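Try each task before you read its solution.

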Amino acid sequence: MNNLYLFMKFDINSFLEGKTLQFIESGPWNDFDTGKPLGTRVDVVITEDATPYKPLKDGTPRRSNRFEKFSVKVRGTVGPIAPDEVVELVNPSAKVWGDRQNQLSVEADDVRAVIPAAQPKAATKPPMPRG
């Protein structure tokens, strides 16, 4: 049968659950055939992968995607992001492709830095009275 890949959907949001993405670099995203600028290409790496993958049939654990790198294509510009900053994808979509269906093409409305959650202040003891 032909063109079956047109009907495959990849759940990028479920894939990204339990993963931490770290910014590497960005550059122009140009049309492959014409060279026309389409937006920004943002390269990220998965630095944490807490996804509970099912083991192989023989019980061997599956390899995680930790340290895998991929590009995210954004139509338009992306705000400044510092190297190594943790980022999130805004409204991502993705397609799986390749002979072994092991390549991922990702687009998003934006890529933005994640603001770290404020750490609670440690409780301080009142000073001891002198006397």
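**Exercise 1. Describe the hairpin formed by β1 and β2, including its turn.**

This is a predicted model. Start with the turn: six residues lie between β1 and β2 in the hairpin, and Gly35 in that turn has a positive phi of about 80 degrees. Next, look at the pairing itself. Strand β1 covers residues 19-30 and strand β2 covers residues 37-49; they run antiparallel and are joined by eleven bridges.

**Exercise 2. Find how β1 pairs with strand β4.**

Strand β4 spans residues 86-90, and its pairing with β1 is antiparallel, over two bridges. For a landmark, go to Leu21, which stands opposite Val87 in β4.

**Exercise 3. Classify the aromatic pair in this model.**

A pair of aromatic rings is described by the distance of the centres and the angle of the planes. The count here comes to one aromatic pair. The partners are Phe10 and Phe15, with ring centres 5.6 Å apart and planes at 55 degrees, so the pair is tilted. The class follows because planes under 30 degrees apart count as stacked and those over 60 as edge-to-face, with the rest tilted.

**Exercise 4. Follow Lys19 to its contacts with Phe15 and Asp49.**

First, the ring: the charged end of Lys19 sits over Phe15, 4.3 Å from the ring centre. Second, the salt bridge: the side chains of Lys19 and Asp49 meet at 3.5 Å, N to O. This pair links distant parts of the chain, since Asp49 belongs to strand β2 and Lys19 to strand β1, 30 residues apart. Last, the accessibility: Lys19 counts as buried at 12%, and Asp49 is buried too, at 16%.

**Exercise 5. Which residue forms a salt bridge with Glu88, and how many salt bridges does the whole structure hold?**

The search finds four salt bridges. Glu88 pairs with Arg112, the closest N and O atoms being 2.7 Å apart. Glu88 is in strand β4 and Arg112 in strand β7 (residues 110-113), 24 residues apart, so the pair links distant parts of the chain. Glu88 is partly exposed at 33% relative accessible area, and Arg112 counts as partly exposed at 43%.

Another of the salt bridges joins Asp43 and Arg41 at 3.2 Å, N to O. Here Asp43 counts as buried, at 4% relative accessibility, while Arg41 counts as partly exposed, at 25%.

Conventions. Residues are numbered from 1 along each chain as its sequence is written. This is a predicted model: local features need pLDDT of at least 70, side-chain atom pairs count only at pLDDT 80 or more; totals for chains, interfaces and linings use all residues. Side-chain values use heavy atoms; hydrogens and water are left out. Two strands pair if DSSP finds at least two bridges between them. Helices (H or I, at least four residues) and strands (E, at least two) are DSSP runs, numbered from the N terminus. Rings of Phe, Tyr and Trp (its six-membered ring) pair if their centres lie within 6.5 Å; planes under 30 degrees apart count as stacked, over 60 as edge-to-face and the rest as tilted. A charge sits over a ring if NZ of Lys or CZ of Arg is within 6 Å of the ring centre and within 35 degrees of the ring normal. Buried means under 20% relative accessible area, exposed over 50%, partly exposed in between (1.4 Å probe, protein chains only).
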